[in-house]
Amino acid sequence: MKKVLVTGGTGLVGNALKTIVNEDSLEGEWIFVGTKDADLTDSNSTRALFDRVQPTHVVHLAAMVGGLFHNMNNNLDFLRKNLQINDNVLQNAYEHGCVKVISCLSTCIFPDKTSYPIDETMVHNGPPHPSNYGYSYSKRLIDVQNHAYHDKHGCMFTSVIPCNIFGPHDNFKQEVSHVIPGMINRMHQLIDENKGLPEDRKEFVVYGTGKPLRQFIYSLDLAKLIIWALVNYESVEPLILSVDEENEVTIFEAAEAVAKAFDFKGKLICDTSKADGQYKKTASNRKLRSLLPNFQFTAFEDAVKTSVKWYIENIDNVRK
Ligand code: NAP
Ligand code: GDP
(Lines give C-alpha, C1' and ligand atoms only; values in the text may rest on other atoms or scores of the structure.)
(Ligands and ions follow the chains in the order given, each with its own letter.)
Protein backbone atom coordinates (compact mmCIF):
# COMPACT_ATOMS: atom_id res chain seq x y z
CA MET A 1 0.00 0.00 0.00
CA LYS A 2 1.13 3.54 -0.79
CA LYS A 3 2.34 5.36 2.31
CA VAL A 4 2.94 9.06 1.70
CA LEU A 5 5.02 11.06 4.14
CA VAL A 6 4.35 14.81 3.86
CA THR A 7 7.15 16.83 5.45
CA GLY A 8 6.02 20.37 6.24
CA GLY A 9 2.59 18.80 6.70
CA THR A 10 1.58 21.41 9.31
CA GLY A 11 2.20 24.46 7.11
CA LEU A 12 0.29 26.37 4.42
CA VAL A 13 0.75 23.81 1.64
CA GLY A 14 0.72 20.80 3.98
CA ASN A 15 -2.69 21.78 5.35
CA ALA A 16 -4.03 22.31 1.83
CA LEU A 17 -2.84 18.82 0.87
CA LYS A 18 -4.54 17.40 3.97
CA THR A 19 -7.82 19.09 2.97
CA ILE A 20 -7.73 17.67 -0.57
CA VAL A 21 -6.64 14.20 0.56
CA ASN A 22 -9.59 14.09 2.98
CA GLU A 23 -12.10 15.65 0.56
CA ASP A 24 -11.20 13.25 -2.23
CA SER A 25 -10.68 10.21 0.07
CA LEU A 26 -7.42 9.49 -1.72
CA GLU A 27 -6.02 5.98 -1.60
CA GLY A 28 -3.13 5.03 0.63
CA GLU A 29 -2.02 6.27 4.01
CA TRP A 30 -0.97 9.89 4.32
CA ILE A 31 1.20 11.05 7.22
CA PHE A 32 1.56 14.81 7.77
CA VAL A 33 4.48 15.84 9.96
CA GLY A 34 5.89 19.07 11.40
CA THR A 35 8.72 20.05 13.74
CA LYS A 36 6.98 18.36 16.69
CA ASP A 37 7.36 15.01 14.92
CA ALA A 38 10.98 15.48 13.85
CA ASP A 39 13.59 18.19 13.51
CA LEU A 40 14.62 17.61 9.92
CA THR A 41 17.76 19.73 10.31
CA ASP A 42 18.95 16.89 12.56
CA SER A 43 20.07 13.69 10.83
CA ASN A 44 19.23 11.36 13.77
CA SER A 45 15.79 12.85 14.19
CA THR A 46 15.15 12.54 10.44
CA ARG A 47 16.33 8.92 10.38
CA ALA A 48 14.11 8.06 13.36
CA LEU A 49 11.10 9.57 11.54
CA PHE A 50 11.75 7.51 8.39
CA ASP A 51 12.35 4.35 10.49
CA ARG A 52 9.03 4.93 12.24
CA VAL A 53 6.94 5.80 9.17
CA GLN A 54 8.60 3.64 6.47
CA PRO A 55 7.12 5.75 3.64
CA THR A 56 6.89 4.56 0.04
CA HIS A 57 6.48 8.16 -1.24
CA VAL A 58 7.51 11.57 0.11
CA VAL A 59 6.05 15.00 -0.58
CA HIS A 60 8.84 17.17 0.77
CA LEU A 61 7.50 20.60 1.75
CA ALA A 62 9.41 21.28 4.98
CA ALA A 63 11.63 24.33 4.78
CA MET A 64 12.53 27.57 6.43
CA VAL A 65 10.07 29.81 4.52
CA GLY A 66 9.39 33.53 4.58
CA GLY A 67 8.65 36.70 2.65
CA LEU A 68 11.04 39.28 1.21
CA PHE A 69 11.94 41.03 4.49
CA HIS A 70 12.56 37.79 6.41
CA ASN A 71 14.82 36.57 3.60
CA MET A 72 16.78 39.82 3.38
CA ASN A 73 17.69 39.59 7.09
CA ASN A 74 18.41 35.87 7.31
CA ASN A 75 20.19 34.60 4.20
CA LEU A 76 22.65 32.47 6.20
CA ASP A 77 19.91 30.70 8.18
CA PHE A 78 17.82 30.10 5.05
CA LEU A 79 20.84 28.59 3.34
CA ARG A 80 22.03 26.36 6.20
CA LYS A 81 18.68 25.13 7.51
CA ASN A 82 17.31 24.29 4.10
CA LEU A 83 20.54 22.58 2.98
CA GLN A 84 20.42 20.44 6.14
CA ILE A 85 16.71 19.61 5.82
CA ASN A 86 16.98 18.71 2.14
CA ASP A 87 20.08 16.57 2.55
CA ASN A 88 18.55 14.65 5.49
CA VAL A 89 15.22 14.07 3.76
CA LEU A 90 16.59 12.99 0.38
CA GLN A 91 19.28 10.70 1.80
CA ASN A 92 16.76 9.01 4.11
CA ALA A 93 14.26 8.65 1.28
CA TYR A 94 16.99 6.87 -0.69
CA GLU A 95 18.11 4.68 2.24
CA HIS A 96 14.51 3.72 3.01
CA GLY A 97 13.78 2.75 -0.61
CA CYS A 98 11.13 5.40 -1.32
CA VAL A 99 9.88 5.04 -4.88
CA LYS A 100 9.20 8.72 -5.38
CA VAL A 101 9.97 12.09 -3.79
CA ILE A 102 8.48 15.40 -4.87
CA SER A 103 10.21 18.44 -3.38
CA CYS A 104 9.11 22.04 -3.55
CA LEU A 105 11.28 24.72 -5.14
CA SER A 106 9.91 28.25 -5.88
CA THR A 107 9.81 30.69 -8.80
CA CYS A 108 11.81 33.15 -6.66
CA ILE A 109 14.95 31.01 -7.05
CA PHE A 110 15.33 31.72 -10.78
CA PRO A 111 18.05 34.09 -12.05
CA ASP A 112 17.40 37.75 -11.38
CA LYS A 113 18.62 38.81 -14.82
CA THR A 114 16.81 36.64 -17.32
CA SER A 115 14.48 36.63 -20.29
CA TYR A 116 10.74 36.16 -19.74
CA PRO A 117 8.74 34.07 -19.35
CA ILE A 118 10.98 31.92 -17.19
CA ASP A 119 10.83 28.17 -17.82
CA GLU A 120 12.05 24.99 -16.15
CA THR A 121 15.36 24.94 -18.07
CA MET A 122 16.56 28.23 -16.51
CA VAL A 123 16.96 27.33 -12.82
CA HIS A 124 20.77 27.47 -12.83
CA ASN A 125 21.33 30.14 -15.50
CA GLY A 126 22.62 32.99 -13.32
CA PRO A 127 22.65 34.43 -9.79
CA PRO A 128 19.31 34.77 -7.99
CA HIS A 129 18.00 38.12 -6.69
CA PRO A 130 20.38 39.27 -3.90
CA SER A 131 17.52 39.57 -1.38
CA ASN A 132 17.02 35.79 -1.09
CA TYR A 133 20.20 34.11 -2.32
CA GLY A 134 20.39 31.83 0.77
CA TYR A 135 16.95 30.32 0.16
CA SER A 136 17.47 30.24 -3.61
CA TYR A 137 20.77 28.37 -3.66
CA SER A 138 19.53 25.83 -1.09
CA LYS A 139 16.46 25.17 -3.26
CA ARG A 140 18.44 25.04 -6.52
CA LEU A 141 20.59 22.33 -4.98
CA ILE A 142 17.52 20.10 -4.57
CA ASP A 143 17.42 19.92 -8.36
CA VAL A 144 21.13 19.01 -8.42
CA GLN A 145 20.58 16.39 -5.70
CA ASN A 146 17.61 14.90 -7.59
CA HIS A 147 19.77 14.42 -10.67
CA ALA A 148 22.63 12.97 -8.65
CA TYR A 149 20.35 10.43 -6.88
CA HIS A 150 18.90 9.50 -10.25
CA ASP A 151 22.31 9.12 -11.91
CA LYS A 152 23.85 7.11 -9.08
CA HIS A 153 20.88 5.09 -7.79
CA GLY A 154 18.08 5.45 -10.38
CA CYS A 155 15.84 7.28 -7.87
CA MET A 156 12.69 9.08 -9.06
CA PHE A 157 13.29 12.21 -6.99
CA THR A 158 11.79 15.26 -8.67
CA SER A 159 10.64 18.80 -7.90
CA VAL A 160 7.84 21.24 -8.54
CA ILE A 161 8.27 25.01 -8.78
CA PRO A 162 5.25 26.92 -7.44
CA CYS A 163 4.80 30.66 -7.86
CA ASN A 164 3.78 32.73 -4.78
CA ILE A 165 1.30 30.74 -2.66
CA PHE A 166 -1.42 31.90 -0.25
CA GLY A 167 -4.49 30.48 1.46
CA PRO A 168 -5.88 29.16 4.76
CA HIS A 169 -3.24 28.21 7.38
CA ASP A 170 -0.75 30.70 5.94
CA ASN A 171 1.91 32.26 8.14
CA PHE A 172 0.52 35.70 9.09
CA LYS A 173 3.39 36.58 11.43
CA GLN A 174 4.47 40.09 10.48
CA GLU A 175 8.29 39.67 10.44
CA VAL A 176 8.08 36.38 8.56
CA SER A 177 5.08 36.60 6.26
CA HIS A 178 4.78 36.83 2.50
CA VAL A 179 2.91 39.76 1.02
CA ILE A 180 -0.70 38.47 1.03
CA PRO A 181 -0.81 37.05 4.58
CA GLY A 182 1.24 40.07 5.73
CA MET A 183 -1.29 42.49 4.25
CA ILE A 184 -4.27 40.49 5.58
CA ASN A 185 -2.83 40.64 9.09
CA ARG A 186 -1.99 44.37 8.91
CA MET A 187 -5.29 45.39 7.34
CA HIS A 188 -7.29 43.45 9.92
CA GLN A 189 -5.33 45.19 12.67
CA LEU A 190 -5.81 48.63 11.06
CA ILE A 191 -9.58 48.12 10.75
CA ASP A 192 -9.74 46.94 14.36
CA GLU A 193 -7.71 49.89 15.70
CA ASN A 194 -9.56 52.56 13.66
CA LYS A 195 -13.16 51.57 14.24
CA GLY A 196 -14.35 55.11 15.07
CA LEU A 197 -12.58 56.88 12.15
CA PRO A 198 -14.41 57.93 8.96
CA GLU A 199 -13.39 55.68 6.01
CA ASP A 200 -11.61 58.48 4.08
CA ARG A 201 -9.22 59.06 7.02
CA LYS A 202 -8.07 55.44 7.15
CA GLU A 203 -4.79 54.73 5.36
CA PHE A 204 -3.35 51.28 4.63
CA VAL A 205 0.36 51.17 3.82
CA VAL A 206 1.51 48.95 0.94
CA TYR A 207 5.24 48.28 1.36
CA GLY A 208 7.44 49.33 -1.56
CA THR A 209 6.25 50.97 -4.78
CA GLY A 210 3.39 48.50 -5.32
CA LYS A 211 4.71 48.00 -8.87
CA PRO A 212 6.41 44.58 -8.70
CA LEU A 213 4.53 41.81 -10.49
CA ARG A 214 3.66 38.42 -9.00
CA GLN A 215 1.80 35.27 -9.99
CA PHE A 216 -0.19 33.92 -7.04
CA ILE A 217 -1.53 30.38 -6.71
CA TYR A 218 -4.21 29.40 -4.20
CA SER A 219 -2.84 26.72 -1.84
CA LEU A 220 -5.73 24.31 -2.53
CA ASP A 221 -5.13 24.52 -6.30
CA LEU A 222 -1.46 23.82 -5.69
CA ALA A 223 -2.33 20.84 -3.48
CA LYS A 224 -4.42 19.31 -6.29
CA LEU A 225 -1.52 19.78 -8.72
CA ILE A 226 1.02 18.25 -6.35
CA ILE A 227 -1.21 15.19 -5.88
CA TRP A 228 -1.58 14.92 -9.65
CA ALA A 229 2.22 15.15 -10.03
CA LEU A 230 2.79 12.48 -7.39
CA VAL A 231 0.74 10.03 -9.44
CA ASN A 232 1.48 11.14 -13.00
CA TYR A 233 4.71 13.12 -13.33
CA GLU A 234 7.61 10.76 -14.02
CA SER A 235 10.61 12.95 -14.74
CA VAL A 236 13.50 14.20 -12.63
CA GLU A 237 13.29 17.59 -14.36
CA PRO A 238 11.35 20.23 -12.38
CA LEU A 239 7.81 21.25 -13.26
CA ILE A 240 6.52 24.83 -12.81
CA LEU A 241 3.14 24.92 -11.04
CA SER A 242 1.84 28.42 -11.69
CA VAL A 243 -1.22 30.30 -12.84
CA ASP A 244 -1.16 31.62 -16.41
CA GLU A 245 1.05 34.58 -17.32
CA GLU A 246 -1.96 36.84 -17.94
CA ASN A 247 -3.05 36.33 -14.33
CA GLU A 248 0.04 38.08 -12.99
CA VAL A 249 -0.90 41.08 -10.79
CA THR A 250 0.97 44.03 -9.31
CA ILE A 251 1.50 44.18 -5.55
CA PHE A 252 -0.85 47.19 -5.54
CA GLU A 253 -3.57 45.13 -7.26
CA ALA A 254 -3.05 42.41 -4.65
CA ALA A 255 -3.54 45.07 -1.94
CA GLU A 256 -6.76 46.17 -3.68
CA ALA A 257 -8.03 42.56 -3.65
CA VAL A 258 -7.29 42.28 0.09
CA ALA A 259 -9.07 45.64 0.69
CA LYS A 260 -12.08 44.43 -1.29
CA ALA A 261 -12.24 41.20 0.70
CA PHE A 262 -12.31 43.21 3.95
CA ASP A 263 -14.68 45.79 2.41
CA PHE A 264 -12.05 48.37 3.38
CA LYS A 265 -12.87 51.73 1.81
CA GLY A 266 -9.90 53.73 3.09
CA LYS A 267 -6.83 54.85 1.08
CA LEU A 268 -4.00 52.56 -0.04
CA ILE A 269 -0.66 54.38 0.07
CA CYS A 270 2.79 53.07 -0.89
CA ASP A 271 5.80 53.33 1.43
CA THR A 272 8.59 53.59 -1.12
CA SER A 273 11.25 53.56 1.61
CA LYS A 274 10.61 49.81 1.90
CA ALA A 275 12.21 47.29 -0.47
CA ASP A 276 10.44 46.07 -3.62
CA GLY A 277 12.48 42.88 -4.01
CA GLN A 278 12.57 41.22 -7.42
CA TYR A 279 10.57 43.28 -9.95
CA LYS A 280 9.05 40.22 -11.56
CA LYS A 281 9.56 36.49 -11.97
CA THR A 282 6.98 35.76 -14.63
CA ALA A 283 6.95 32.01 -15.14
CA SER A 284 5.54 29.96 -18.00
CA ASN A 285 3.18 27.10 -17.16
CA ARG A 286 3.39 25.75 -20.73
CA LYS A 287 4.83 22.42 -19.62
CA LEU A 288 2.05 21.97 -17.03
CA ARG A 289 -0.62 22.98 -19.56
CA SER A 290 0.79 20.48 -22.08
CA LEU A 291 0.36 17.70 -19.51
CA LEU A 292 -2.86 18.89 -17.88
CA PRO A 293 -4.61 21.27 -20.32
CA ASN A 294 -7.93 21.65 -18.53
CA PHE A 295 -6.91 22.49 -14.99
CA GLN A 296 -9.08 25.32 -13.62
CA PHE A 297 -7.37 27.72 -11.24
CA THR A 298 -9.47 29.48 -8.60
CA ALA A 299 -9.95 33.15 -9.53
CA PHE A 300 -7.49 35.35 -7.59
CA GLU A 301 -10.12 37.61 -5.99
CA ASP A 302 -12.23 34.63 -4.88
CA ALA A 303 -9.21 32.93 -3.34
CA VAL A 304 -8.26 36.15 -1.49
CA LYS A 305 -11.85 36.42 -0.18
CA THR A 306 -11.80 32.82 1.08
CA SER A 307 -8.41 33.38 2.73
CA VAL A 308 -9.58 36.56 4.49
CA LYS A 309 -12.75 34.80 5.66
CA TRP A 310 -10.66 31.90 6.98
CA TYR A 311 -8.32 34.36 8.76
CA ILE A 312 -11.22 36.13 10.50
CA GLU A 313 -12.90 32.88 11.50
CA ASN A 314 -9.66 31.44 12.89
CA ILE A 315 -8.17 34.63 14.32
CA ASP A 316 -7.38 33.07 17.72
CA ASN A 317 -5.41 30.18 16.27
CA VAL A 318 -3.61 31.60 13.23
CA ARG A 319 0.17 31.97 13.13
CA LYS A 320 0.55 35.71 13.81
P1 NAP B 1 5.07 27.07 5.95
O2 NAP B 1 3.61 27.32 6.01
O3 NAP B 1 6.01 28.04 6.57
O4 NAP B 1 5.33 25.62 6.56
C5 NAP B 1 6.64 25.16 6.74
C6 NAP B 1 6.56 23.72 7.18
O7 NAP B 1 7.88 23.20 7.33
C8 NAP B 1 5.85 23.54 8.53
O9 NAP B 1 5.12 22.34 8.50
C10 NAP B 1 7.02 23.43 9.49
O11 NAP B 1 6.70 22.72 10.68
C12 NAP B 1 8.00 22.65 8.63
N13 NAP B 1 9.38 22.79 9.08
C14 NAP B 1 10.13 23.92 9.09
N15 NAP B 1 11.35 23.66 9.63
C16 NAP B 1 11.35 22.34 9.97
C17 NAP B 1 12.29 21.48 10.59
N18 NAP B 1 13.51 21.92 10.97
N19 NAP B 1 11.94 20.19 10.81
C20 NAP B 1 10.72 19.73 10.45
N21 NAP B 1 9.79 20.48 9.84
C22 NAP B 1 10.10 21.78 9.62
O23 NAP B 1 5.57 26.90 4.44
P24 NAP B 1 4.71 26.70 3.10
O25 NAP B 1 4.39 28.06 2.61
O26 NAP B 1 3.65 25.69 3.32
O27 NAP B 1 5.83 26.12 2.14
C28 NAP B 1 5.82 24.76 1.71
C29 NAP B 1 6.88 24.60 0.64
O30 NAP B 1 6.54 25.42 -0.49
C31 NAP B 1 8.28 25.02 1.07
O32 NAP B 1 9.22 24.09 0.59
C33 NAP B 1 8.47 26.38 0.42
O34 NAP B 1 9.82 26.64 0.17
C35 NAP B 1 7.66 26.23 -0.86
N36 NAP B 1 7.15 27.48 -1.44
C37 NAP B 1 6.40 28.34 -0.68
C38 NAP B 1 5.90 29.51 -1.27
C39 NAP B 1 5.00 30.48 -0.51
O40 NAP B 1 4.63 31.52 -1.10
N41 NAP B 1 4.60 30.20 0.71
C42 NAP B 1 6.16 29.78 -2.63
C43 NAP B 1 6.91 28.86 -3.37
C44 NAP B 1 7.39 27.71 -2.77
P45 NAP B 1 6.03 23.49 11.96
O46 NAP B 1 4.61 23.81 11.55
O47 NAP B 1 6.09 22.51 13.05
O48 NAP B 1 6.86 24.71 12.18
P1 GDP C 1 8.64 37.73 -2.84
O2 GDP C 1 7.49 37.49 -3.77
O3 GDP C 1 9.52 36.53 -2.71
O4 GDP C 1 9.39 38.97 -3.20
O5 GDP C 1 8.10 37.93 -1.35
P6 GDP C 1 6.80 38.57 -0.70
O7 GDP C 1 5.66 37.65 -0.81
O8 GDP C 1 7.26 38.96 0.67
O9 GDP C 1 6.43 39.87 -1.58
C10 GDP C 1 7.26 40.99 -1.50
C11 GDP C 1 6.69 42.17 -2.27
O12 GDP C 1 5.47 42.62 -1.67
C13 GDP C 1 7.65 43.35 -2.21
O14 GDP C 1 7.49 44.14 -3.39
C15 GDP C 1 7.15 44.10 -0.97
O16 GDP C 1 7.55 45.46 -0.97
C17 GDP C 1 5.64 43.96 -1.16
N18 GDP C 1 4.84 44.09 0.08
C19 GDP C 1 3.86 45.02 0.31
N20 GDP C 1 3.32 44.89 1.54
C21 GDP C 1 3.95 43.81 2.11
C22 GDP C 1 3.80 43.13 3.37
O23 GDP C 1 3.00 43.48 4.23
N24 GDP C 1 4.61 42.05 3.58
C25 GDP C 1 5.51 41.59 2.64
N26 GDP C 1 6.24 40.52 2.90
N27 GDP C 1 5.68 42.23 1.45
C28 GDP C 1 4.92 43.30 1.18
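In this presentation a residue is called buried if its relative accessible area is under 20%, exposed if over 50%, and partly exposed in between, judged with a 1.4 Å probe and protein chains only. By that rule Gln215, with a relative accessible area of 3%, is buried.

Good morning, colleagues. The model is predicted, so local features need a pLDDT of at least 70 and side-chain atom pairs count only at pLDDT 80 or more, whereas totals for chains, interfaces and linings use all residues. Residues are numbered from 1 along each chain as its sequence is written, chains are lettered from A and ligands numbered from 1 in the order in which they are written, and side-chain values use heavy atoms, with hydrogens and water left out.

I shall stay with Gln215 for a moment. Gln215 sits in the loop between β8 (213-214) and β9; helices (H or I, at least four residues) and strands (E, at least two) are DSSP runs, numbered from the N terminus. The side chain of Gln215 is joined to that of Ser242 by a polar contact of 3.3 Å. A polar contact here is a pair of N or O atoms within 3.5 Å; within protein, one must be able to donate a hydrogen and the other to accept it, and residues adjacent in sequence count only if both atoms are side-chain atoms. A polar atom of the Gln215 side chain also lies 3.3 Å from the backbone oxygen of Val243. If neighbours within four places in sequence are left aside, the residues in contact with Gln215 (heavy atoms within 4.5 Å) include Cys163, Asn164, Glu248 and Lys281.

Two of those names lead us to ligand 2. Around ligand 2 there are 18 residues, of which Leu68, Asn164, Arg214, Ala275 and Asp276 come nearest; a residue belongs to such a group if one of its heavy atoms lies within 4 Å of the molecule. Lys281 places a side-chain N or O atom 3.0 Å from an oxygen atom of ligand 2. Arg186 has a polar side-chain atom 3.0 Å from an oxygen atom of this ligand, and Ser177 has a backbone N or O atom 3.0 Å from a nitrogen atom of the ligand. How much of the 550 Å² that ligand 2 exposes when taken alone does the protein bury? The protein buries 96% of that area, where accessible areas come from the Shrake-Rupley method with a 1.4 Å probe.

Helix α6 gives the most, with four residues. The shell as a whole divides into eight nonpolar, six polar and four charged residues. For these classes, Ala, Val, Leu, Ile, Met, Phe, Trp, Tyr, Cys and Pro count as nonpolar, Asp, Glu, Lys and Arg as charged, and the others, Gly among them, as polar.

Let us look at α6 itself. Among the buried residues of α6 are Ile180, Met183, Arg186 and Leu190. The buried residues of this helix pack against several elements, including β6 (164-166), α8 (251-262) and β12 (267-271).

Strand β12 holds Asp271, which is partly exposed, with a relative accessible area of 22%. The side chain of Asp271 makes a polar contact of 2.5 Å with the side chain of Ser273. Residues up to four places away in sequence aside, Asp271 touches Val205, Val206, Tyr207 and Gly208. The C-alpha atoms of Asp271 and Thr209 are separated by 6.7 Å, although the two residues are 62 residues apart along the chain.

Of the 28 residues around ligand 1, Thr10, Thr35, Tyr135, Lys139 and Arg319 come nearest. Lys139 has a polar side-chain atom 2.8 Å from an oxygen atom of ligand 1, while a backbone N or O atom of Val13 lies 2.9 Å from an oxygen atom of the ligand. Taken alone, ligand 1 exposes 910 Å², of which the protein buries 87%. Which elements give two or more residues to the shell around ligand 1? They are α1 (12-23), α5 and β6.

Tyr135 and Lys139 are among the buried residues of α5. This helix, residues 133-153, reaches 30 Å from its first C-alpha to its last, close to the 30 Å expected. The buried residues of α5 pack against α3, α4 (75-95), β4 (100-104) and β5 (157-162). After α5 comes Gly154, with a positive phi near 70°.

Terms used
The expected span of a helix is 1.5 Å times one less than its number of residues.
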